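The tour moves from one selection to the next, with a note on what is found at each stop.

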Amino acid sequence: MTTMTATSNQPVARQTAAAADPVGAETGAQRAARYVFAGIRLALGWTFLWAFLDKTFGFGYATESKDAWINGGSPTKGFLAFGAEGPFQGLYHDIAGAAWADVLFMVGLLGIGVALLAGIGLRVAAVAGGLLYVLMWTVVLPPPNNPFLDEHLVNAALLAGLALVGAGDTWGLGRIWARLPIVRRQPWLK
């Protein structure tokens with residue numbers, strides 16, 4: 001005979017199993033949400049990784065081959081020197097094409113892209129990616145199509161949400177990553 005609880009018609013054994021396996025106890029809407037967030041994570045990861053690849057090798061989308069980083073081009077010079085407008089224009093003109101800015105930008109694109117695609121280190125990727133998005137937003141103020149808001153701020157918020165919901169656990173290595181001893185000791189690395 002199965003024991004029933006006073007608050008539920010569900011047997012105690014089934015409640016215990018559901019508590020031990022929260023994925024198995026999720027609703028269809030929760031499962032769908034996990035997949036939607038995983039898809040958004042992968043899409044944003046690809047945008048970061050693609051920007052890194054195109055700026056490095058000059059595939060001809062946003063960066064011509066002659067302007068590729070491997071051919072001596074600067075990944076920051078064009079946008080910061082010629083696209084910057086608004087209150088931070090002088091700052092961005094001053095750092096346009098600086099070697100340290102190029103390296104930081106490219107390492108950021110690569111690291112954020114790989115972390116998002118793999119589903120690991122989402123907290124760090126969300127902070128770094130959010131900061132990068134906000135900095136890119138400040139290059140052109142006000143945004144051309146809205147007095148304040150554009151996709152940079154929306155994507156920064158999305159990155160924060162992805163880290164908060166653990167979007168790396170679905171279609172990613174988030175669960176494996178979370179079990180690593182260093183990540184268990186330093187939860188900010190999740």
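**The largest pocket**

Begin by selecting H5, which gives the most to the lining of the largest pocket, with nine residues. This is a predicted model, in which local features need pLDDT of at least 70 and side-chain atom pairs count only at pLDDT 80 or more, while totals for chains, interfaces and linings use all residues. Residues are numbered from 1 along each chain as its sequence is written, and side-chain values use heavy atoms, with hydrogens and water left out.

A pocket here is found on a 1 Å grid over the protein atoms alone, as an open set of points where a 1.4 Å probe fits, with protein on both sides within 12 Å along at least five of seven lines; lining residues have an atom within 4 Å of a point. The volume is the space filled by probe spheres set on the points, which are joined across faces, edges and corners. By this account the largest pocket holds about 900 Å³ of space. To centre the view on it, select Thr76, Phe105, Leu109, Leu132 and Met136, which are the closest to its centre of the 35 residues that line it.

Next, colour the helices that supply at least two lining residues each: H2 (28–57), H3 (77–83), H4 (89–95), H5 (99–118), H6 (122–139) and H7 (151–164). Helices are DSSP runs of H or I with at least four residues, strands are runs of E with at least two, and both are numbered from the N terminus. Coloured by class, the lining of this pocket shows 22 nonpolar, nine polar and four charged residues, where Ala, Val, Leu, Ile, Met, Phe, Trp, Tyr, Cys and Pro count as nonpolar, Asp, Glu, Lys and Arg as charged, and the others, Gly among them, as polar.

**The second largest pocket**

Now select Gly166, Asp169, Gly174, Ala178 and Lys190, the closest to the centre of the second largest pocket among the 14 residues that line it. Its volume is about 220 Å³. H6, H7 and helix H8 (174–178) are the elements that give two or more residues to this lining, and H8 gives the most, with four. The classes here are five nonpolar, four polar and five charged residues.

**Where H2 passes H5**

Show H2 and H5 together: their axes come within 7 Å and cross at roughly 145 degrees, the axes being lines fitted to C-alpha atoms over the stretch in contact, with angles running from 0 to 180 degrees between N-to-C directions. The crossing is left-handed, a term for a near helix turned anticlockwise from the far one by less than a right angle. For the side chains, select residues of the contact (heavy atoms within 4.5 Å), including Trp46, Phe48 and Phe52 of H2 and Phe105, Leu109 and Leu116 of H5. By class, this contact has 15 nonpolar, three polar and two charged residues.

**Trp137 and Leu153**

Move to Trp137 in helix H6 and Leu153 in helix H7, whose C-alpha atoms are 7.1 Å apart in space although the residues are 16 apart in sequence. Trp137 is buried at a relative accessible area of 13%, and Leu153 is buried at 19%; buried means under 20% relative accessible area, exposed over 50% and partly exposed in between, with a 1.4 Å probe and protein chains only. Apart from neighbours up to four places away in sequence, Trp137 touches Pro143, Phe148, Asp150, His152 and Leu153, and Leu153 is in contact with Val134, Trp137 and Phe148.

**Two loop stops**

Which residues does a cis peptide bond join? Select Leu141 and Pro142, where omega is about -10 degrees; Pro142 is in the loop between H6 and H7. Then go to Trp171, in the loop between H7 and H8, where phi is near 55 degrees, a positive value in a residue other than glycine. Both stops are worth a look, because most residues other than glycine have a negative phi and most peptide bonds are trans. Trp171 counts as exposed, at 51% relative accessibility.

**The whole chain**

Finally, zoom out to the protein with its nine helices and zero strands. Buried residues make up 34% of its 190 residues.
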